[in-house]
Amino acid sequence: ADFKLSISTLRISGILPSTGDIQLQTEHLATRLKQDSVVEDISAGCGIINFKVNRKLLVQEDDKFGLNSELFNTLKKGTTLVEYSSPNIAKKFHAGHLRSTIIGNFIANLKQCLGNNVIRMNYLGDWGMQFGLLGAGFAQFGCQEKLKENPLQHLFEVYVQVNKEAEHNEDMKQAARDFFRQLEQHDNEAVSLWQQFREITVDEYQQVYKRLGVHFDVYSGESFHQHQAQEVVQQLQSRDLLKTSEKGTGVVDLSTSGDTSSVCTVLRSDGTTLYITRDLAAAIDRKEKYNFNEMIYVVRKLMQSLSDINAYSTTGCRCKHVPFGLVRGMKTRKGEVVFLEDVLDEARARMLHNMSQSKTTKEMDNPEDTAEKVGISALIVQDFRGPLQSDYKFDWDRMLQAQGDTGVFLQYTHARLSRYIKLKCPCFINICYLSNEELDVLCSYDEVLYQSAQDLQPKHLVNFLLKLCHLIASAHRELPVKGSAQDVAQARLRLFSGACSVLANGMRILGITPVDQM
């Protein structure tokens, strides 16, 4: 049997009566269970029900190995909008946004793989008082020539300088407030400068996203919902939910007992809107525009529940927030401020060095490109090993190890399998020669994807792929293709082909580009 079910377990757990003849219960249950396209034989043993899998299915699948499972029919399908990454414009892409980017990409890939229509949205932080500071600061410290030479570096320097100035200069603070008010009132000069900041930022971000293998269908932002944010304020007023605080700000009391910690500020005292106000407007607008079935936010801070202030309920859709912890100790050789581009550069450089020192590294056409892909694989696997909501400590050396549970190990296994299946893989083989343990793992691929779809945690898929790689490493030693009888060799080759297909597909869902040479 490929699988066995103990009747004693069912009796102990209360699923079956704990009294009566256990063998009669076994035989009775066996007759009630029905075969399907996967399970081809069900029989009663001594207090055990035996199941045999239809192994012909395993050799009929190629690139879609494990993806045509009937298990996925129980999942809700439809249109899923995933919002992720969401960096702030006019700033270099900080490494702190890496987690949101790769987690959101994984969720979007997974949903798409399981048959959903996916809309990938990058909701940029492109509005708010920080642009008041930047606008006022650029008027005093900015230079258009430096902006053309190194746009985001210059804006970063201006932003640091104006923040220092605003700490002790009340005139600078007032200038920042004035600039943001001009933005909200659509002053031509203020909007033109802001638009310039936004365009150069998106252009530079797209280069970083390209390196990560990430793309977006929609680049949205807070600025898209300025007018609608004021409409949300009016809706809250009409429902008598908006109150004025002692400081003159517009607030909504979310508590049932007057607990001030549950007060949500949606309007500044000068009448300008906040992030939460624009986010409420964005949620309502998205539902009207995209008519999605579910919306998934991937952001670190726990966003205010839209339903809490009776605005989200009007959208009529499922909304899920995916929280995640911090990365501790991420540093590069360049210094304390960690930009994502520097992290990717260092991962590539370290991986290229490791490859040059390894005796097993094969000749390859573009070692820099391979090092880039393997380095990014290492970053992703280190991040996805544990629960997303937990913090984890970043470790360059452990991350880039060729042995152990790392992205480098995944890539090495895939490259090795790819060399195997360059041999001609037969269409018809003697199934009895296929190895039980490796097949059992391959058979569970759909269950792992199903589990990942339930809680949106990549750890299930990462740990499955690592387990598969360890089994394949053993199979290389114990199930040789070369020197075996033809039918045995063909069966083993098919096993390696299926494993390669599952490994490549799983890596792509994680956001990893498989390499064929390493």
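These are my notebook entries on a predicted model, taken one feature at a time.

**Entry 1. The sheet**

I began with the strands. I found an open sheet of five strands, paired in parallel, in the order β6-β5-β4-β10-β11. Which strands are at the edges? They are β6 (218-221) and β11 (318-322), and each of them pairs on one side only.

Next I went to one pair inside the order. Strand β4 (residues 79-83) runs parallel to β5, and five bridges join the two. For a landmark I picked Thr 80, which stands opposite Val 118 in β5.

Then I asked which strands helix α11 touches. Helix α11 (residues 275-290) packs on the sheet and touches β4, β5, β6 and β10 (294-298). The direction of α11 makes about 155° with that of β5.

**Entry 2. Two helices in contact**

I turned to α4 and α19. Helix α4 covers residues 98-113 and helix α19 covers residues 486-510. Their axes are 7 Å apart, and the packing angle is about 130°. That angle makes α4 oblique to α19.

Which residues meet here? From α4 I listed Asn 105, Phe 106, Asn 109, Leu 110 and Cys 113. From α19 I listed Asn 505, Arg 508, Ile 509 and Leu 510. Sorted by class, the contact has five nonpolar, three polar and one charged residues.

I followed the chain past α19. Gln 517 is in the segment after α19. Is Gln 517 buried, partly exposed or exposed? I read 31% relative accessibility, so Gln 517 counts as partly exposed.

I then checked what lies around Gln 517. Setting aside residues up to four places away in sequence, Gln 517 touches Glu 363, Met 364, Asp 365, Thr 370 and Ala 415. I also looked at Ser 418, which is 99 residues from Gln 517 along the chain. The C-alpha atoms of Gln 517 and Ser 418 are separated by 8.2 Å.

**Entry 3. Salt bridges**

How many salt bridges does the whole structure hold? My search gave 19. I looked up several of them.

I took Asp 126 and Arg 198 to begin with. Their closest N and O atoms are 2.8 Å apart. Asp 126 lies in the loop between β5 (117-124) and α5 (129-141), and Arg 198 lies in helix α9 (residues 188-212), so this pair ties together parts that are 72 residues apart in sequence. Asp 126 counts as buried because its relative accessibility is 0%. Arg 198 counts as buried too, at 11%.

Then I went to helix α8 (residues 170-184). Here Arg 181 and Asp 178 meet through their side chains, at 3.1 Å from N to O. They are three residues apart in the helix, so about one helical turn separates them. Arg 181 is partly exposed at 28% relative accessibility. Asp 178 is partly exposed as well, with a relative accessible area of 28%.

Helix α12 (residues 340-357) gave me another pair, Arg 348 and Asp 345, three residues apart and separated by about one helical turn. The closest N and O atoms of this salt bridge are 3.3 Å apart. I read 29% relative accessibility for Arg 348, which counts as partly exposed. Asp 345 is partly exposed, at 27%. I checked for further partners. Arg 211, Asp 345, Arg 348 and Glu 372 are linked in a network of salt bridges.

**Entry 4. Positive phi**

Most residues other than glycine have a negative phi. I therefore noted residues that depart from this pattern.

One of them is Asp 240, with a positive phi of about 60°. Asp 240 lies in the loop between α10 (226-238) and β7 (242-244). At 55% relative accessibility, I put Asp 240 down as exposed.

Leu 456 has a positive phi as well, near 60°. Its place is the loop between α17 (445-455) and α18 (459-478). Is Leu 456 buried or exposed? With 2% relative accessibility, Leu 456 counts as buried.

Key
Residues numbered from 1 in each chain as written. Predicted model: local features only at pLDDT ≥ 70, side-chain atom pairs only at ≥ 80, totals over all residues. Heavy atoms only, no water. Helix = DSSP H or I, 4+ residues; strand = E, 2+ residues; numbered from the N terminus. Buried < 20%, exposed > 50% of the residue type's maximum accessible area, 1.4 Å probe, protein only. Axes fitted to C-alpha atoms, helices over the stretch in contact; angles between N-to-C directions. Parallel < 35°, antiparallel > 145°, perpendicular 65-115°, else oblique. Contact = heavy atoms within 4.5 Å. Nonpolar A, V, L, I, M, F, W, Y, C, P; charged D, E, K, R; others polar. Salt bridge = Lys/Arg side-chain N within 4 Å of Asp/Glu carboxyl O. Pairing = 2+ DSSP bridges.
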